[in-house]
Amino acid sequence: MTDLILYSHPFSSYCQKAIVAFYEKDLPFTQRMLEDEGAMAELKAAWPFGQFPVLKEGARHFAEASIIIERLDQIDPSTPMIPTDPDLALETRFMDRVFDNHVQSNQQRIIYNALRPEADRDPLIVTEAKAKLETAYAWLDGVMSGRTWAAGEAFTLADCGAAPGLLYAHWTHPIPKDLPHLWAYRRRLLARPSYARALDEARPYRGYFPLGAPDEDWPPTPSTGPDG
């Protein structure tokens, strides 16, 4: 197998999404840290949009975390992140889109607004994004009332994205306490060894979070979930 190089940063939610899939599969890879000299230039040479992660496999490059995870399934189908059953596969891809487009996207709108100079910040962006997050939270609570993981009883692509998505979304706009099923799902994600490991690797960079990273949600060891 060709060496796999992941251009990524441990604190990035979309990088964590791909890294969780690597850990679920116990698939070796080299992380090309985007803070290292020349790494971002290398990434942009392959993917000029500059978004990350990007997977390098020999002469080939794969961008977008969901596509990277699909490629990992092709490389190692023994622990599928997308079920082989067509209906479950469709539900997995649907839930993956929900977490990317309705949780992570709105959470990041708030973060990007906070990173602007104060004079350029738009409070309407924050108001709209928070309202959409609240809609997503309530909908997800209903969906998760009858499921262990996002698409059913197996951990999938959708859960790889849900873990960092719900982590940072709650930090940005807290999940209401009266959504027990969503809270229980979030705790399961944090306790999942693959995500606990990824989160522990992100620990040194918690100061990057512009709204202030809370003390909660940081496991004491790479394989231990939070008490809450």
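Predicted model: local features only at pLDDT ≥ 70, side-chain atom pairs only at ≥ 80, totals over all residues.
Residues are numbered from 1 along each chain as its sequence is written, and side-chain values use heavy atoms, with hydrogens and water left out. Local features need pLDDT of at least 70 and side-chain atom pairs count only at pLDDT 80 or more, while totals for chains, interfaces and linings use all residues.

Me: In what order do the elements of the protein chain run from the N terminus on?
Reply: Helices (H or I, at least four residues) and strands (E, at least two) are DSSP runs, numbered from the N terminus. The protein chain has eight helices and four strands. Their order from the N terminus is β-α-β-α-β-β-α-α-α-α-α-α.

Me: What is the radius of gyration of the protein chain?
Reply: The radius of gyration is taken over C-alpha atoms, and the globule rule is 2.2 Å times the number of residues to the power 0.38. For 228 residues that rule gives 17 Å, and the chain is close to this value, so it is as compact as a globular protein of that length. The radius of gyration of the protein chain is 17 Å.

Me: What share of the residues of the protein chain count as buried?
Reply: A residue is buried under 20% relative accessible area, exposed over 50% and partly exposed in between (1.4 Å probe, protein chains only). Of the 228 residues, the buried share is 50%.

Me: How many disulfides does the count come to?
Reply: A disulfide is a pair of cysteine sulfur atoms within 2.5 Å. The cysteine sulfur closest to that of Cys15 belongs to Cys160 and is 13 Å away, which is too far for a bond. Cys160, also buried at 0% relative accessibility, has Cys15 as its closest partner at 13 Å. The count of disulfides is zero.

Me: Which residue has its charged end over the ring of Tyr23?
Reply: A charge sits over a ring if NZ of Lys or CZ of Arg is within 6 Å of the ring centre and within 35 degrees of the ring normal. At Tyr23, the charged end is 3.7 Å from the ring centre. The residue is Arg197.

Me: How many aromatic pairs are there?
Reply: Rings of Phe, Tyr and Trp (its six-membered ring) pair if their centres lie within 6.5 Å; planes under 30 degrees apart count as stacked, over 60 as edge-to-face and the rest as tilted. Phe11, Tyr168, Trp171, Tyr205, Tyr208 and Phe209 form one aromatic cluster. The number of aromatic pairs is 13.
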